[in-house]
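Here is a short report on one protein chain. Please look over the sequence and the model before reading on.

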Amino acid sequence: MTSDREADHGRHRTPGLDLDAYLARIGWTGERRPTVEVLRSVHRAHALGIPFENLDPVLGTAPSLALADLEAKLVRGGRGGYCYEQNTLLAAGLGALGFDITLLCARVVLGAGPGDVRPRTHMLMLARVPGEPAPYLADVGFGAAGSLLEPIPLVVDVELHDAARRHRLVNTPHDGPLEQWELQSRTAEGVWEAQYAFTLEPFEAPDYEVINWHIATNPRSPFQHRVYVQRTTPDAHLSLTGRTLTVTANDGTREERQLADGDEVLRVLATDFGIHLPRGTRLPE
């Protein structure tokens with residue numbers, strides 16, 4: 001069965017997607033109802049099934065966020081994407097399954113220095129489950145080893161044990177009128193490490209179009225100049241930054257090696273990350 005071509009996303013409506021094809025892409029089967037278990041299992045299947053990658057900006061184009069283009073690329077095209085692509089697709093899938101979705105935007109604080117104030121550029125969402133007292137933070141587009149595998153309830157200091165990972169949400173001070181939330185991930189050394197901070201102000205699709213263009217085309221954007229690819233498996237997290245391939249096991253042990261050239265990068269993208277670029281593609285040296 002293919003879903004209706006409309007999916008309700010909170011305050012606005014966007015064209016729906018081929019739900020059968022999307023669920024097949026992430027390898028999910030189950031009863032299509034808006035329950036907590038469905039939310040968790042679809043989120044995990046997407047996180048494990050579709051890699052994070054910024055190859056379009058590196059190759060000189062801003063990726064389209066139109067749902068038909070995301071289906072062609074991420075669902076049918078053997079590709080991944082970064083947060084706007086990943087979470088637009090997840091929001092459409094969850095909406096088609098009956099979840100009420102509110103889109104949000106966060107400041108990435110992972111790796112920021114003292115006093116650094118970064119712009120709000122990371123897309124995420126709240127998913128509301130009928131009958132549940134709190135919404136869930138859902139996000140399959142954060143390209144880092146501390147990313148969520150499962151959604152986390154929007155409740156202060158409640159730990160989420162999503163397989164080998166642990167997460168929690170805390171409230172942090174800031175100058176704005178809305179309460180600020182911070183997602184934290186527990187490191188292998190037992191330290192809670194901040195990932196990003198956000199408020200509950202809703203964002204709309206045109207907001208992400210502007211942010212996406214900035215991230216993909218601004219000459220100062222790191223996503224335009226260096227390959228960033230991530231893939232999570234049940235046993236490890238794989239990261240390719242430039243030509244540095246890092247494999248982090250669930251116990252925190254890391255292996256790192258340098259790839260020889262662009263041809264080896266393309267081979268590793270296909271074999272280790274499942275990303276197949278068109279024949280003749282040449283990545284910048």
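Accessible areas come from the Shrake-Rupley method with a 1.4 Å probe, and for residues only the protein chains shown count as cover. The chain exposes about 13300 Å², and carbon and sulfur atoms supply 51% of that area. This is a predicted model, in which local features need pLDDT of at least 70, side-chain atom pairs count only at pLDDT 80 or more, and totals for chains, interfaces and linings use all residues. Residues are numbered from 1 along each chain as its sequence is written, and side-chain values use heavy atoms, with hydrogens and water left out.

Buried residues (under 20% relative accessible area, 1.4 Å probe, protein chains only) make up 49% of the 285 residues. The C-alpha atoms fill a box of roughly 55 × 50 × 35 Å along the principal axes.

A search of the whole structure finds 7 aromatic pairs. Rings of Phe, Tyr and Trp (its six-membered ring) pair if their centres lie within 6.5 Å; planes under 30 degrees apart count as stacked, over 60 as edge-to-face and the rest as tilted. Tyr82 and Tyr84 form an edge-to-face pair, 5.2 Å centre to centre with 80 degrees between the planes. Why do Tyr82 and Tyr84 count as buried? The table gives their values.

| Residue | Relative accessibility | Class |
|---|---|---|
| Tyr82 | 2% | buried |
| Tyr84 | 2% | buried |

Tyr82 counts as buried because its relative accessibility is 2%, and Tyr84 counts as buried because its relative accessibility is 2%.

Notes:
Buried < 20%, exposed > 50% of the residue type's maximum accessible area, 1.4 Å probe, protein only.
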